[in-house]
Amino acid sequence: MVNVKKKPTNNPLAEYIERLQKGGALVPDSPENVLEVVGILKSYGIVLDAYSKNLIYIAEHQFLIFFPFFKYFNGEFSFQKLFRHWWHNRINFEYAEYCMKSMMWHGGGGLDTYLDTQEFQERAQAVIDAKFPNNPLILSVNQLFPDFLTEQLRVSTYYTGLGQFWRVMADIFLTLSDHYDQGKIKSISEVVEHIKTGLVTSASNPITYTVKIRDKAYEIIPKSVGLTFLADTAIPYVEAVFFRGTPFHGTVSYNAQAYQISPDQSRFQYGALYADPLPIGGAGIPPTLLMQDMRHYLPEYLHDIYRRGLRGEDDLRVKICMSFQKSMFCVTTATILGLMPYSMDTKDPSEQNANRVYLEKWMNRLVTSRLKEVND
C-alpha cells in the first residue's frame, strides 16, 4: 500500500503548518529577522523586569488600600521620582495593569477557577479581618457588600500572578540577548528553541501569594493549591493578551447599537497578534505605553536600523510595534511547539494526524492575524 501523507490543503495558512512540521517557525529565518527579534526582546525583557517587580510589590504591599497614590514607586518614594512621574519620564506601569485587567476579565486557567472556591473565600476573609480589626466603617461596608473587599483581593492575586509570569519571561528574554551577543544564537529556530526551553523548564514553577499584616504571614494562594506557571498564568496570558485583548478606545465604537464589538469574548481578536501598528501613538491605544517604554532600552544595533529607515525616528513607535509583533509570533511558535500533543518527529500515523489537527486549530485562529504581514 502507498502511504499518502495528508496535507492541510484547505487551510489558508497551510504553508505555515508545513513549516512548523519541518521544524521551522512562524517567522522566516534570516540574519535580519534574528537581529530584529532578539533586539526587541532585549528591550522588552528590561521593561518586563520593571513591570514584574512593580506588580509583585503592589500585590504584597498595596493590597486592600483603596487609594494607592504611590503604588508605582515600589516603596521608594522621593520628590525626584514624583517629579519624573508627573513629567512622564518613567516606566508606564499602567500598561502592566492593562494586561492584568485583560487577564482577569477573560479568565481561564486554574487561577481563575481557584478565586471562586470556598478556600479562597475563607483565606480572603482572614486577611480582611486582620487588615481592619478596629475599623467599624470598613467592616460595616464589608457586611453590606460581602464581595467588595474579596474582589479587591482577587485583583491582587492577578497582580502577583502576572508579576510572577513576567518575572520568568524577562529572564528568558534577557538570557536570549546574552546568548546572541556571545554568538550562541544565530537563527530564528534557535530563538524559538531558547524560549520553548525556558517555558518548559519553568512550567511547573508554583504560583503562590502570601501577604504580611503586622509581621504575621497570611497565605492567599498556598503552594498546596497546585497553581503552576505554564497552565495557570502563561496559557491564560497568551489567550487574553496575544489573542483576545480588548478593543482600543477610538478605533471601534463601544455603542451597543453599533454592533462593532462582539458580545462573545471568545470571538475577540484585539490581541497583540492582530493589532494594526499604525494607530500606535494615538490616544486610547494602550500598547503605545509599552512602545514608549521599550524605546528607552533599544540596543544600539537595532536603534541604528530604525534611524536609517525612510522616516528616521518620526515613526519609531510604529517600527518598534512591528518588530514586537514579529517577536511575539516567535513566542507563539515556542508556545505551539511546547504544547504539541506528540513529538514532532513521531513516526506513528495517528500521532502525526493528531499533531496536524492540533496545528490546524492554531492556524485557524491566526487566519485574520498579522502573520502574513510580518512575513512580507
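Analyst: Start with helix α3, residues 79–86. This helix gives the most to the nonpolar patch, with three residues. The model is a predicted one.

The patch itself is a surface feature built from F66, F67, F69, F70, F77, F79, F83, W86, L144, F145 and F148. Together these residues have about 1300 Å² of accessible area.

Take F69 as one member. F69 sits in the loop between α2 (31–61) and α3. Is F69 buried or exposed? Its relative accessibility is 66%, so F69 counts as exposed; the cut-off for that class is over 50%.

Now to the charged pairs. Side chains of opposite charge can pair when their charged atoms come close. D147 forms a salt bridge with R154, and the closest N and O atoms are 3.3 Å apart. The two partners differ in cover. D147 is partly exposed, at 39% relative accessible area. R154 is buried, at 8%.

A second pair joins R90 and E94. Here the closest N and O atoms are 2.8 Å apart. R90 is buried, with a relative accessible area of 13%. E94 is partly exposed, with 28%.

Helix α8 (residues 148–181) holds another pair, R167 and D171. Their side chains meet in a salt bridge, 2.9 Å from N to O. R167 and D171 are four residues apart in the helix, so about one helical turn separates them. R167 is partly exposed, with a relative accessible area of 24%. D171 also counts as partly exposed, at 40% relative accessibility. Salt bridges with shared partners link D49, K53, R167 and D171 into one network. Over the whole structure, the search finds 16 salt bridges.

Step back to the chain. Its secondary structure comes to 15 helices and two strands. The C-alpha trace spans about 80 × 55 × 50 Å along its principal axes.

Cover and contacts complete the picture. Buried residues make up 49% of the 376. Of the contacts with a separation of 6 or more, 74% are between residues 24 or more positions apart. The accessible surface of the chain comes to about 19000 Å², and carbon and sulfur atoms hold 54% of that surface.

How values were computed
Residues are numbered from 1 along each chain as its sequence is written. This is a predicted model: local features need pLDDT of at least 70, side-chain atom pairs count only at pLDDT 80 or more; totals for chains, interfaces and linings use all residues. Side-chain values use heavy atoms; hydrogens and water are left out. Patches are made of residues with over 30% relative accessible area and no salt bridge: like charges are joined within 9 Å, nonpolar side chains (Val, Leu, Ile, Met, Phe, Trp, Tyr) within 5 Å. Accessible areas come from the Shrake-Rupley method with a 1.4 Å probe; for residues, only the protein chains shown count as cover. A salt bridge is a side-chain nitrogen of Lys or Arg within 4 Å of a carboxyl oxygen of Asp or Glu. Buried means under 20% relative accessible area, exposed over 50%, partly exposed in between (1.4 Å probe, protein chains only). Contact means heavy atoms within 4.5 Å.
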